[in-house]
Each structure stands twice: as C-alpha cells, then as structure tokens.
Amino acid sequence: MQTPDKLNDGQLSDEQSREVAETIREEIARRRISRQALAEQAKLSLSTLEKALGGRRPFTLATTVRLEQALGVSLRKNPVAPAPAAGNDVAPDSLGS
C-alpha cells in the first residue's frame with residue numbers, strides 16, 4: 001500500500017496502476033500496435049512504459065495523461081463524487097428539492 005506522500009508525488013495507487021495497465025494492454029491488442037510505437041506516440045521511454053505495465057513501477061499522473069493523449073481514451077476512472085455536507089438533506093431547487 002502506498003503512503004500519502006507517494007500519492008502526493010503524482011503516483012497512482014497500486015490498484016489504479018493495475019487498472020491503467022490492463023486498459024493499455026487491451027488498447028495495444030485492439031489497435032495491433034507495438035509497445036514501442038505507443039511509447040513513441042506518448043513521448044515516453046519504452047523502459048518506463050514496460051516497467052509500469054509490468055507492475056514494477058506505478059504510473060504517474062503525467063505518464064498517464066501522456067498515454068491518454070496518445071491513445072485518445074481515458075485511462076482513469078472518474079473520481080467518486082464527494083459526500084454531501086452534513087445537515088444538507090434537501091436537494092437543490094433544480095432537482096425538485
């Protein structure tokens with residue numbers, strides 16, 4: 001498990017990294033491109049991509065964003081919506097309060 005310090009360094013959690021790696025492997029297979037070609041498109045070293053896909057290094061936010069741009073797909077799950085503030089039990093008027 002990663003410490004909060006590592007998360008602040010822009011590294012994805014172990015679970016997030018595994019999910020990103022799985023999605024990347026699926027996209028590589030679907031598009032029939034090599035890891036080298038993807039690394040070049042994302043302007044990453046092949047070594048960095050290989051280590052992250054192999055689970056030897058967590059994905060960083062910067063690396064993930066570059067890969068998302070190269071593939072044209074979102075690799076990260078949408079963040080969970082924050083819980084409503086305590087004492088705010090009424091829906092806004094636009095939702096019919």
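Mentor: Start with E27 and R31, whose side chains meet in a salt bridge at 2.8 Å, N to O. A salt bridge here is a side-chain nitrogen of Lys or Arg within 4 Å of a carboxyl oxygen of Asp or Glu. This is a predicted model, in which local features need pLDDT of at least 70 and side-chain atom pairs count only at pLDDT 80 or more, while totals for chains, interfaces and linings use all residues. Residues are numbered from 1 along each chain as its sequence is written, and side-chain values use heavy atoms, with hydrogens and water left out.

Both partners sit in helix α2, 4 residues apart, about one turn of the helix. Helices are DSSP runs (H or I, at least four residues), numbered from the N terminus. An α-helix has 3.6 residues a turn, so residues three or four places apart point the same way.

Now the accessibilities. Buried means under 20% relative accessible area, exposed over 50%, and partly exposed in between, with a 1.4 Å probe and protein chains only. E27 counts as buried, at 11%. R31 is partly exposed, at 31%. R30 is exposed, at 56%.

The whole structure holds 4 salt bridges. Another one of them pairs E68 with R76, with the closest N and O atoms 2.8 Å apart. E68 is buried, at 11% relative accessibility, and R76 is partly exposed, at 36%.

Next, α2 itself. Its 18 residues should span 26 Å at 1.5 Å a residue, and its end C-alpha atoms are 26 Å apart, which agrees. The expected span is 1.5 Å times one less than the number of residues. The buried residues of α2 are S17, V20, A21, I24, E27 and I28. They cover an arc of only 130° around the axis, which puts them on the same side of α2. That arc is taken from the directions from the helix axis to the C-beta atoms. Turned away from this buried side is a face with the exposed residues E15, R18, A29 and R30. Just after α2, R32 takes a positive phi of about 55°.

What does the buried side of α2 pack against? Its partners are α3, α4 and α5. Contact means heavy atoms within 4.5 Å.

Look at α5, residues 61-71, from its own side. Its buried residues are T63, T64, L67, E68 and L71. Seen down the axis, they fall within an arc of 135°, so they line one face of α5. They pack against α2 (14-31), α3 (35-41) and α4 (46-53). The face of α5 turned away from its buried side carries the exposed residues A62 and Q69. Just after α5, G72 has a positive phi of about 75°.

Last, confidence. pLDDT is the predictor's confidence in each residue, from 0 to 100. The chain averages 82, and 75% of its residues reach 70 or more. Confidence is highest in α3, at a mean of 96, and lowest in helix α1 (residues 4-8), at 43. Over residues 1-8, pLDDT stays under 50, and the model has 10 contacts beyond four places in sequence for them.

Terms used:
Helix = DSSP H or I, 4+ residues; strand = E, 2+ residues; numbered from the N terminus.
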